[in-house]
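The exercises below are to be worked through with the sequence and the model in view. Each task is followed by a solution in steps.

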Amino acid sequence: MSVSKSSADEIFHWLSSMNSTTALLSWIGMLFTYIRWYQGTKAAERKDPMFKANHKNDLYLHRYGLQPWIAVYALVMCILILLFNGWFVFTRAGPWRMALELDDPPIVSDPEIGSWVPTFVSSYLALPVFFLLVLGYKLIYRTRMVPLDEMHFERGIVPEIEEPQPTTRWGKLLATIF
């Protein structure tokens, strides 16, 4: 991967950019999950007036005064940082293209900015991969988001979910693999 010092620096930049993108995606997932959990506890409080008294020692240890607004702020900031992580590749003067064709001259890197096509790929490649994985999981397992009033907050009680048995060959093959 490394022939000279400049290429080693470039590769390190690509890897660190991809690492920061995936870290931001995981933070976005955690913040979204926390906000849903917070909304679920609020819905349970509205449904059952004794909910707060029954769960004072376990659930309410994880709720703080300025929530959910701090979590919403952090979620918005993570999304903005994720979207504008490699934004300079769109504002750079000159033709913008994702790949070279056979008769194109090679891209000459600007020593101050670096190569911008790999920067675009390393900054934004994780986004479609993440959404394809989530969408694929949702389509294969046919899961749904649990409504707020159906959330369970009791310790030791796991709701039973009946999974449908596959009927086609392809479905049975996927069921045995996964």
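**Exercise 1.** Is F88 buried, partly exposed or exposed, and what is its relative accessible area?

*Solution.* Begin with the ground rules. The model is predicted, so local features need pLDDT of at least 70 and side-chain atom pairs count only at pLDDT 80 or more, while totals for chains, interfaces and linings use all residues. Residues are numbered from 1 along each chain as its sequence is written, and side-chain values use heavy atoms, with hydrogens and water left out.

Step 1: take the cut-offs. Buried means under 20% relative accessible area, exposed over 50%, and partly exposed in between (1.4 Å probe, protein chains only).
Step 2: apply them. F88 has a relative accessible area of 33%, so F88 is partly exposed.
Step 3: F88 belongs to helix 4, residues 88-91.

**Exercise 2.** Describe the chain as a whole.

*Solution.* Step 1: count the elements. The chain has 7 helices and 0 strands. Helices (H or I, at least four residues) and strands (E, at least two) are DSSP runs, numbered from the N terminus.
Step 1: look at burial and surface. The chain has 178 residues, and 25% of them count as buried.
Step 2: look at contacts, meaning heavy atoms within 4.5 Å. Among contacts with a separation of 6 or more, 67% join residues 24 or more positions apart.

**Exercise 3.** Which residues does UniProt list for "transmembrane region"?

*Solution.* Step 1: read the record. The unreviewed UniProt entry lists residues 12-37, 70-93 and 113-135. Such positions are given in the numbering used here, feature names are shortened, and annotations may be inferred rather than shown by experiment.
Step 1: compare a listed range with the model. Residues 12-37 are 100% helix and 0% strand, with end C-alpha atoms 37 Å apart.

**Exercise 4.** Contrast H13 and I28.

*Solution.* Step 1: locate both. H13 is in helix 1, and I28 is in helix 1 too.
Step 1: H13 is partly exposed because its relative accessibility is 39%. I28 has a relative accessible area of 16% and is therefore buried.
Step 2: find partners. H13 and T119 are 106 residues apart in sequence, with C-alpha atoms 8.3 Å apart. I28 and M77 are 49 residues apart in sequence, and their C-alpha atoms are 9.5 Å apart. Leaving out residues up to four places away in sequence, I28 touches L75, C78, I79 and L82.

**Exercise 5.** Which two residues does a cis peptide bond join, and which residue has a positive phi although it is not a glycine?

*Solution.* Step 1: recall the background. Most residues other than glycine have a negative phi, and most peptide bonds are trans.
Step 1: name the bond. Q67 and P68 are joined by a cis peptide bond, with omega about 5°. P68 sits in the loop between helix 2 (51-54) and helix 3 (69-83).
Step 2: name the residue. R142 has a positive phi of about 50°. This residue lies in the loop between helix 6 and helix 7, and R142 counts as exposed because its relative accessibility is 72%.
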